[in-house]
Amino acid sequence: MLRLVLHRIAATIPVLLLVTAGIFSLLHLTPGDPIDVMMAESVDATVKENLRKQLGLDQPIAVQYLTWMGRLVRGDLGRSIRNGEPVIENVGRRIRPSLQLALFAMTISVTVAIPIGIISALRHNRTADRVGTTFALFGICMPNFLLALLLIFLFGVTLRWLPISGYMDPLEEGWDGVRSLVLPAVTLGLALAAVITRTLRSSLLEALAEDYVRTARAKGLSEWLVIRGHVLKNALIPVVTVLGLQLGTLIGGAVITEYVFALPGVGRLVVDAVFARDYPLVQGVVLLIAVGFILSNLLVDILYGFIDPRIRVR
Amino acid sequence: MASSIRESGFADAASVAAAPATARSRRWDVWRRAARARLAPLGAVVLLLAIAAAIGAPFLAPYDPLKQNLGNTLAAPGRAHALGTDNVGRDVLSRVIWGTRVSLVAGIVSVAMAVVAGTLLGLLAGYAGGRVDGIVMRLMDAVLSFPPLVLALALGAVLGAGLTGVLIALGVVYTPTFARLMRGQVLTIKARDYVDAARALGASGFQIACRHVVPNAATPIVVQASLSVAFAILAEASLSFLGLGVQPPQASWGSMINAGRGYLQQAPWIVFGPGAALFITVVGLNFVGDALRDALDPRLSR
């Protein structure tokens with residue numbers, strides 16, 4: 001097990017290096033002078049020169065890269081050129097709504113998807129299954145910004161049950177905070193629920209056809225015990241993998257969801273930074289997101305080794 | 001049961017260079033299987049309609065998609081404007097029809113770029129092996145370490161707003177999928193007897209790649225590409241919803257939906273028109289992609 005963990009961590013290092021190099025070169029991909037792109041033409045030339053010096057853009061590119069990496073290693077992700085604050089502080093202020101949103105969305109999707117997936121598989125090719133698979137198809141094909149607007153139209157504008165934008169912290173405002181997160185979490189959770197439903201359904205169908213299920217039935221276990229003890233346990237393994245793989249989609253979805261519902265999260269910060277042409281902030285936030293994504297995938301991989309002992313042997 | 005036997009026979013036939021007679025029955029088999037999927041024809045109709053709308057936009061659109069009419073803003077759907085008008089009085093239907101062009105071009109071009117780049121990289125990695133393989137695949141892993149939308153957003157941002165930036169960004173995002181697929185195919189095909197035979201006959205590595213490896217690896221690439229187009233269309237719409245991509249006043253579904261969200265209460269049709277077009281196109285493409293997969297690759301059809 002320890003070997004698996006160390007092996008996975010070692011494999012992550014070159015990827016991390018490439019990711020940082022990619023993010024570093026983002027600034028140099030801009031057509032023309034990045035300083036001119038970041039600042040309006042009317043800005044005074046000395047201000048531009050100061051920014052160029054501050055970002056080290058007057059140095060040779062190798063020196064720039066080494067300085068940048070050196071600062072990264074010390075935990076300095078740079079500063080926003082708009083508000084002058086360190087990237088870490090900008091992100092720190094925004095992380096709470098994002099985490100709450102992601103957690104809420106995951107909870108919703110798992111609670112919806114697991115029963116639907118189980119019913120779909122047990123009622124294979126019957127009406128309940130058709131409803132389940134249609135739901136999954138709907139969730140996969142529905143763009144989340146469109147779903148967000150449909151939900152806003154239905155529950156916010158027409159029925160007036162839920163707030164359509166803005167954020168209140170559920171930990172401080174309680175019920176009102178939860179209400180402010182319902183529509184965003186449903187928006188973000190639907191696509192995930194669809195993917196989980198599909199995966200669980202097909203892995204359940206596979207597990208149901210296994211010999212050990214026939215054995216369990218033959219020895220007289222009730223159907224429920226067969227499902228719970230033998231089928232579900234094995235069928236949930238692919239679901240864990242998919243949950244890990246879908247994390248990227250979840251983060252991307254959060255960008256859109258936070259934008260539509262005006263939630264002050266990290267996703268919204270990315271969009272704002274992109275449109276403010278605050279490239280150092282874009283670089284810093286994207287780097288944090290990528291590293292978070294890599295680390296959570298690493299975690300899922302290792303977790304997978306715990307859940308499925310067969311992996312450890314490989 | 002009977003069908004599964006036939007399917008495994010089909011798989012064998014696919015891996016051996018088929019005689020002309022077998023090729024015809026194989027093609028027939030493919031068609032029959034595609035037709036058996038009941039939803040595939042529906043998807044094909046949607047796809048054909050979308051292509052027709054994209055090509056024939058100048059003739060099909062009842063109005064000029066850019067022409068404003070400030071005397072007739074936010075008009076409800078009716079006889080004159082089937083999908084109503086937007087906040088500056090432009091005909092929503094005409095804009096949806098023109099927007100089809102942007103969506104299809106974005107979906108097809110970005111995936112085509114990814115297929116070309118990914119196939120070449122995958123071939124290189126699978127063929128060269130060793131250090132080259134390691135470098136190429138770590139590079140692909142690095143691209144995959146970004147959430148796709150975040151990467152597209154960051155790339156789109158530095159490349160500048162506009163369709164070209166979005167196309168390149170999406171092309172980069174989808175490249176690793178095809179590189180991994182191609183590399184896997186190369187590794188399996190390279191070990192086949194007919195490749196050994198070709199090498200024994202004196203074929204160069206390049207010849208083997210063109211004659212044997214690429215044609216045999218094409219099926220999974222085609223299937224993956226058809227499904228990727230649907231997701232690329234969604235991704236383009238998301239990016240233009242956020243304000244990257246085609247710039248106003250030009251029409252794209254994503255930017256129309258974004259522009260309409262301020263008028264959800266008075267004029268929900270501004271959002272619903274392009275929204276329905278987007279959703280139906282993506283569903284249709286999914287049906288076609290699933291049917292293609294079932295037809296071309298019976299092993300995956302479960």
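Colleague: How many helices and how many strands are there in chain A?

Modeller: The model is predicted. Its chain A C-alpha atoms fill a box of roughly 85 × 55 × 35 Å along the principal axes. Of the 314 residues in chain A, 36% are buried. The count for chain A is 15 helices and 0 strands.

Colleague: What distance should helix H6 of chain A span, and what is the distance between its end C-alpha atoms?

Modeller: Helix H6 of chain A covers residues 127-141, which is 15 residues.

Colleague: Which helices do the buried residues of H6(A) pack against?

Modeller: The buried residues of H6(A) are A:Gly132, A:Ala136, A:Gly139 and A:Cys141. Their partners come from both chains: helix H12 (269-296) of chain B, and, in chain A, helix H5 (87-122) and helix H9 (175-208).

Colleague: How do the residues of the side of chain A that touches chain B divide into nonpolar, polar and charged?

Modeller: The contact takes 35 residues from chain A and 34 residues from chain B. Elements of chain A giving two or more residues to that side include helix H1 (2-26), H6 and helix H14 (279-307). The chain A side divides into 31 nonpolar, 4 polar and no charged.

Colleague: Which residues is B:Ala152 in contact with, leaving aside neighbours within four places in sequence?

Modeller: B:Ala152 is among the residues with the most contacts inside the largest nonpolar core, which has 159 residues. Its contacts are B:Ala169, B:Leu170, B:Val173, B:Ala235 and B:Leu239.

Terms used. Residues numbered from 1 in each chain as written. Chains lettered and ligands numbered in written order. Predicted model: local features only at pLDDT ≥ 70, side-chain atom pairs only at ≥ 80, totals over all residues. Core = buried A, V, L, I, M, F, W, Y, C linked by C-beta atoms within 7 Å. Buried ≥ 20, exposed ≤ 12 C-beta atoms within 10 Å, placed from the backbone. Contact = placed C-beta atoms within 7 Å. Helix = DSSP H or I, 4+ residues; strand = E, 2+ residues; numbered from the N terminus. Expected span 1.5 Å × (residues − 1). Nonpolar A, V, L, I, M, F, W, Y, C, P; charged D, E, K, R; others polar.
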